[in-house]
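Student: I would like to learn how to read a structure like the one below. Please take me through it feature by feature.

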Amino acid sequence: MVQTRTDTFAALRSCFAAGLAALIEVPVPRGATPSVFIDLVEEVRDVLGASSLGTWQDASEDLDHAAGYLTDALTSPDSDQRALVARARTHLRDAIATAS
C-alpha cells in the first residue's frame, strides 16, 4: 500500500515537477517523498496566486485543487487513490498549460 503511493507520486513528480518548478524559476526539489512534491505544488500555487495576472490566478486555483487531491490520496484507501490522483493529474496539467 505505501509502496504503491510512493510509486504513484514518483510518477507524478517525474511528469510534472520540472514544469512546475520552471513556472516560478526554482530548481526541482531533490526529495522524492510525496510531501516534497505536494510542497512544490503548494509553493507554485502560492506564487502564481499572488500574481495580478488572471491566467496565473486561474492556474493557482487548479494547483490548489491538485494539492487537495494529492493530500487526500496520501491517506485514502487504495480503492480511492486512483480517482484522486487522476483528478490531481488533470488539475496539474491544466495549471501548467494555463500558466505557460
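**Reading the helices and loops**

Tutor: Tyrosine 69 sits in helix 3. Helices (H or I, at least four residues) and strands (E, at least two) are DSSP runs, numbered from the N terminus.

Student: What should I know about the model before going on?

Tutor: This is a predicted model, where local features need pLDDT of at least 70, side-chain atom pairs count only at pLDDT 80 or more, and totals for chains, interfaces and linings use all residues. Residues are numbered from 1 along each chain as its sequence is written, and side-chain values use heavy atoms, with hydrogens and water left out.

Student: Is tyrosine 69 buried, exposed or partly exposed?

Tutor: Start with the cut-offs. Buried means under 20% relative accessible area, exposed means over 50%, and partly exposed lies in between (1.4 Å probe, protein chains only). Tyrosine 69 has a relative accessible area of 24%, so it is partly exposed.

Student: Which residues does tyrosine 69 touch, not counting residues up to four places away in sequence?

Tutor: Contact means heavy atoms within 4.5 Å. On that basis tyrosine 69 touches Leu84, Arg87, Ala88 and His91. For a distance, take valine 28: it is 41 residues from tyrosine 69 in sequence and 21 Å away in space, C-alpha to C-alpha.

Student: How do I describe two packed helices?

Tutor: Two packed helices are described by the angle between their axes and the distance between the axes. Axes are lines fitted to C-alpha atoms, for helices over the stretch in contact, and angles run from 0 to 180 degrees between N-to-C directions. Here the axes of helix 3 and helix 4 come within 8 Å and cross at roughly 160°.

Student: Why are helix 3 and helix 4 described as roughly antiparallel?

Tutor: Angles under 35 degrees count as roughly parallel, over 145 as roughly antiparallel, 65 to 115 as roughly perpendicular and the rest as oblique. The axes of helix 3 and helix 4 cross at roughly 160°, and the two helices are therefore roughly antiparallel to each other.

Student: What is the handedness of the crossing of helix 3 and helix 4?

Tutor: A crossing is left-handed if the near helix is turned anticlockwise from the far one by less than a right angle, and right-handed if clockwise. Helix 3 passes helix 4 in a left-handed crossing. The contact residues include Tyr69, Leu70 and Ala73 of helix 3 and Gln81, Leu84 and His91 of helix 4. By class, the contact of helix 3 with helix 4 has 13 nonpolar, five polar and five charged residues. Ala, Val, Leu, Ile, Met, Phe, Trp, Tyr, Cys and Pro count as nonpolar, Asp, Glu, Lys and Arg as charged, and the others, Gly among them, as polar.

Student: Where is glutamine 81, and is it buried or exposed?

Tutor: Glutamine 81 is in helix 4 (residues 78-99). Its relative accessibility is 4%, so glutamine 81 counts as buried.

Student: How do helix 2 and helix 3 cross?

Tutor: The axes of helix 2 (residues 34-49) and helix 3 (residues 54-75) come within 8 Å, at a crossing angle of roughly 160°. Helix 2 and helix 3 are therefore roughly antiparallel. Their crossing is left-handed. Among the contact residues are Phe37, Val41 and Arg45 of helix 2 and Ser60, Leu63 and Asp64 of helix 3. The contact of helix 2 with helix 3 has 13 nonpolar, four polar and three charged residues.

Student: Is arginine 45 buried or exposed?

Tutor: Arginine 45, in helix 2, has a relative accessible area of 18% and is buried. Beyond neighbours within four places in sequence, arginine 45 is in contact with Ser60, Leu63, Asp64 and Ala67.

Student: What about the loops?

Tutor: Serine 76 is in the loop between helix 3 and helix 4. At 7% relative accessibility, serine 76 counts as buried. A polar atom of its side chain lies 3.3 Å from the backbone oxygen of alanine 73. Serine 51 is in the loop between helix 2 and helix 3. Its relative accessible area is 14%, so serine 51 is buried.

Student: Which phi angle does glutamate 25 have?

Tutor: Most residues other than glycine have a negative phi. Glutamate 25 is not a glycine, yet its phi is positive, about 55°. Glutamate 25 lies in the loop between helix 1 (2-23) and helix 2. At 73% relative accessibility, glutamate 25 counts as exposed.

Definitions and conventions. Polar contact = N/O pair within 3.5 Å; in protein donor to acceptor, adjacent residues only side chain to side chain.
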